[in-house]
Amino acid sequence: LIQSMKNYMIHEKPFLNSDFQILDLAHYFKIPTHQCSAMINQLIGKNFRDWINSHRVDYFIKTYPQKSPKLTIDAIAFESGFSSMTTFYRAFKKETGTMPSNYFQD
């Protein structure tokens, strides 16, 4: 089931919806929310929010080079599923160890 969840994240990209919650994931896989949460914590080693934000950061990193000539960091972060810039910068630093401007310096 956890592999199905990982595949769902990669292929369907539900994390791009800033309102996506663990309730939605549990409902999609027809399991109780607490079971879904426990599986993610134990088998992925992150809580749901950190796991979702890691997907959002990865998506941002992959799409930034093509989109940056036309869009701001903020706009790309919102397209990546973040609903606030504070959350974006915090998650980006947690995942990469640096801020986006430093990450993408030549």
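The protein chain has a mean pLDDT of 96, and 99% of its residues reach 70 or more, where pLDDT is the predictor's confidence in each residue, from 0 to 100. This is a predicted model, in which local features need pLDDT of at least 70 and side-chain atom pairs count only at pLDDT 80 or more, while totals for chains, interfaces and linings use all residues. Residues are numbered from 1 along each chain as its sequence is written, and side-chain values use heavy atoms, with hydrogens and water left out.

Consider next how α1 packs against two other helices. Its axis and that of α4 come within 11 Å and cross at roughly 35°, axes being lines fitted to C-alpha atoms over the stretch in contact, with angles from 0 to 180 degrees between N-to-C directions. In this pair, M5, K6 and M9 of α1 meet W51, I52 and H55 of α4, contact meaning heavy atoms within 4.5 Å. By class, the contact of α1 with α4 has four nonpolar, one polar and one charged residues; Ala, Val, Leu, Ile, Met, Phe, Trp, Tyr, Cys and Pro count as nonpolar, Asp, Glu, Lys and Arg as charged, and the others, Gly among them, as polar.

With α2, the axis of α1 comes within 12 Å and crosses at roughly 115°. Here S4, M5, Y8 and M9 of α1 touch L25, Y28 and F29 of α2, and this contact has six nonpolar, one polar and no charged residues.

The largest pocket is lined by M9, I10, K13, F15, H55, D58, Y59, K62 and T63. Both α1 (2-12) and α4 (48-67) supply at least two residues of this lining, and α4 gives the most, with five. By class, the lining residues divide into four nonpolar, two polar and three charged. A pocket is an open set of points on a 1 Å grid over the protein atoms alone, where a 1.4 Å probe fits, with protein on both sides within 12 Å along at least five of seven lines, and lining residues have an atom within 4 Å of a point.

Notes
Helix = DSSP H or I, 4+ residues; strand = E, 2+ residues; numbered from the N terminus.
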